[in-house]
Amino acid sequence: MHKEPLFHIVKRETLPWYKSWGVRLLAVVCALIVAGLITLFLTGLNPIKVYATMIDGAIGTQRRTWALMQKTAMLLCIALALTPAFRMRFWNTGAEGQVLAGGMCCAVIMLKLGDKLPNGLLTLLMLVAGVLGGAIWGVIPAIFKAKWNTNETLFTLMMNYIAIQIIGYYVLEWSVPKGSGSIGVINQKTQAGWLPSIGGQAYLINIIVVAVLTVLVYIYLTYSKHGYEISVVGESEKTARYIGIDVKKVIIRTMCLSGAICGLAGFLLVSGADHTITKDTAGGNGFTAIMVCWLAKFNPIWMVLTSLLICFLSKGAGEIATMFNLNLSFSDIITGIIIFFIVGSEFFINYRLIFRGHRKEANS
Amino acid sequence: MSVPAIELKNITKTFGKSVVANKNVCLTVNYGEILAILGENGSGKTTLLNMISGIYYPDEGQIFVNGEEVSITSPKDAFKYKIGMIHQHFKLVDVFSATENIILGLEDDGKYDIKKASLKVREIAAQYGFEIDPDKKIYEMSVSEKQTVEIIKVLYRGADILMLDEPTAVLTPQETRKLFAVLRKMKESGKAIVIITHKLHEVLDISDKVAVLRKGEYIGTVNTSETNEGQLTEMMVGKKVTLNIDRSDPVDPTDRLIVAHLNCMNRDGFKVLSNVTFTAKSGEILGIAGIAGSGQRELLETIAGLQPMVTGGVQYIVPETGKIEFLRDKTPLQIREMGIRLSFVPEDRLGMGLVGSMGTVDNMMLRSYRKGKGIFLRKQEPKALADKIIEELEVVTPSASTPVRRLSGGNVQKVLVGREIAAAPTVLMAAYPVRGLDINSSYLIYNLLNEQKKNGVAVIFVGEDLDVLLGLCDRIMVIGSGTVTGIVDARTTTKEEIGLLMTKEVRKDA
């Protein structure tokens, strides 16, 4: 029997930017409608009200806005750390561990030397220790990859658990009061090793540091010789070898950088926000950052948008859960739907569907 | 008249808006007939066959099999209509035997019966004159044996319509003759055969009818007995072309690169080059002939410093001073830092020579980005070079920053060869530089190589088309399974002699 398939898929030409962003916007609108309908059917709540609560939860008050910006800055910082590695097609899934390793080194100095050094020197030492800690955690899998071609995804992933368990051990060991299982706020009285507030805003310094970092990473990747080498190695190792790039050196150097920025994020978290260390200091951002990176197609500037989107959604969705007395999973459902649509829209930017029957029209 | 095996009516297939792979193609293939589809690379030959074999689906038009309109949406559908395709790139499992590969994926009721199957394989082989050992593992087979397995695979499934995509590209002249003998037998037994090729003399040799495509458009079908090379070329290219390579005598050739007793292993520890010794001279083109995969790639990569050698040495004689430099165990970067201008056009253009996702400018920078102090890239020079190459070699590209992956094969090669020549080399190595290129681009590349030769460059040219090797080179070195089987004078040798050398076994102890 002769039957044309219902539809077939055809690759598109590159769309102009306004059309591709139109498709993405449309995807968000569709996502909101679908998520709204699901909300209505599952909970009977008015979707408009739910969305209003969501916005309120994210930016409803000044405090919430600052919290959102801090959260975004941290997520962005980790995503920026992943970018050089990802551009090199080195799938660093160990950001969580690298952040924790950096944060841990920094907390140790804060805890042990807090009252022995002047504050400026202490903070500097914490910064160096944090960056170094992250870099070491990042470079170990890179060395193994370069020397013995181990699988970096698994290796970096496993390194996460080592970092988490080390912290778990010392948090118990150093817990205040003893046996409480928590270190508590470090140097609460002296505030030694705390990053200063600017204009009364505790998080502003973190946000400024990450903003500068965004520009630096962008410049490094786009205009520097190192950035060029990273792109060549990522695209084709054979080409890199052919033109005489030392691939092993580039892998190790880049992962050193990636880990170092993760370590910086750890420092900012410990010194500039939490003033303590727990197993949850990175809070899963090491994994969320992977999504931020991919959604922005490894472009540091776009990452500002994608990390803001994701933090906005999670803050807002969290508010829905508490306001309407819903299970936290419900906010995950809404976040999931929205991200699904955004990721899915990329398909329609690259391909189009031709439906049955439309062929004849095209003929005439 | 009998019903045609396949009839295509106004088949159109586009990729995106601007790429028209096939436009209003009409074809007829009868049983007991060999149809050759002729066209340059990128003219849509493979796309067309892929639509008949269910890999693509046409945007417009109709396909008739045995006079009935059909819709082929998967390779399984194609088999239902007794259509079998032999792809250019084999799809075989290396660790399985011939028989195992042949019955793999076959939906027979009951159990796999290897014995029965290999008996049937032998029957098919005997019927058409194949030479095959059903129990031999694929990884032990030569390219031509693998191809035999692919052909038997579709015959085993009962195909009456066979389509072969460039089957002769990987074969020696002798193997090609054998294949053609088999195809003729199949034709006599009433099968319909479609064969893709861009070698004219093969078309004239084997086919009954020739259909010509040009840039996706169907130009026409002619009877082979009523046409000639000139007419076919004109149909293919759209205008009259003169195909002459102007070969000058080498001027003052002196030794430039001496390769001595080179031995080389691949990653798995198999010996890929053994005891290779030759000299490349300035001002001449040294051709390297051999069956694909005989060690040509490894040889060039070893000289370029990309592969370690086990034993042996490479000496470079500096043209100005006559000083000898040893290239053994040097990395490509070290070789360049020694001031040796060794250019290399690798076989794998987008995978090794260029970065596909980068534009022409950034690809120019591959060779020069280290220049200058500071940590930042300087783009003016590569930009100027890119513009110069685009203009002088007539590279068709929307802009100098368009990813080279999106350019056609010929233009990609112009970018690569242009960059390598711009480095003012003293040794230029090119592996299959015209593979996949249309006739005009191919001749442009030949001329560029000739120009380099006249400038006193030692050119090493790895080629597959023996006619070209004979017409372009001064000397031809033949490689068979990693050993040099002979070095002959290109002006006096014959295709047959080279063909014999290609398959000659050199005893290991010799």
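Tutor: Buried means under 20% relative accessible area, exposed means over 50%, and partly exposed lies in between (1.4 Å probe, protein chains only). The model discussed here is predicted: local features need pLDDT of at least 70, side-chain atom pairs count only at pLDDT 80 or more, and totals for chains, interfaces and linings use all residues. Residues are numbered from 1 along each chain as its sequence is written, chains are lettered from A and ligands numbered from 1 in the order in which they are written, and side-chain values use heavy atoms, with hydrogens and water left out.

Student: How many salt bridges does the whole structure hold?

Tutor: A salt bridge is counted when a side-chain nitrogen of Lys or Arg lies within 4 Å of a carboxyl oxygen of Asp or Glu. Searching the whole structure, over all chains, gives a total of 37.

Student: How many residues apart in sequence are B:Asp474 and B:Lys453?

Tutor: The side chains of B:Asp474 and B:Lys453 meet in a salt bridge with an N to O distance of 3.2 Å. B:Asp474 occupies the loop between helix H16 (466–472) and strand E19 (475–480) of chain B, whereas B:Lys453 belongs to helix H15 (residues 439–454) of chain B. Helices (H or I, at least four residues) and strands (E, at least two) are DSSP runs numbered from the N terminus. The pair therefore ties together parts of the chain whose separation in residues is 21.

Student: Is B:Lys453 buried or exposed?

Tutor: The partner of B:Lys453 in that salt bridge is B:Asp474, which has a relative accessible area of 3% and is buried. For B:Lys453 the relative accessibility is 3%, so B:Lys453 counts as buried.

Student: Which residue forms a salt bridge with B:Lys371?

Tutor: The closest N and O atoms of this pair are 3.6 Å apart. B:Lys371 sits in the loop between helix H12 (360–368) and helix H13 (380–392) of chain B, and its partner, 10 residues away, lies in helix H13 of chain B.

Student: How far apart in space are B:Ile55 and B:Thr73, C-alpha to C-alpha?

Tutor: B:Ile55 is located in the loop between helix H1 (45–52) and strand E4 (60–65) of chain B, and at 41% relative accessibility B:Ile55 counts as partly exposed. In sequence, B:Ile55 and B:Thr73 are 18 residues apart. In space, the C-alpha to C-alpha distance between B:Ile55 and B:Thr73 is 7.1 Å.

Student: What is the relative accessible area of A:Phe347?

Tutor: A:Phe347 is part of helix H13 of chain A. A:Phe347 is partly exposed, because its relative accessible area is 33%.
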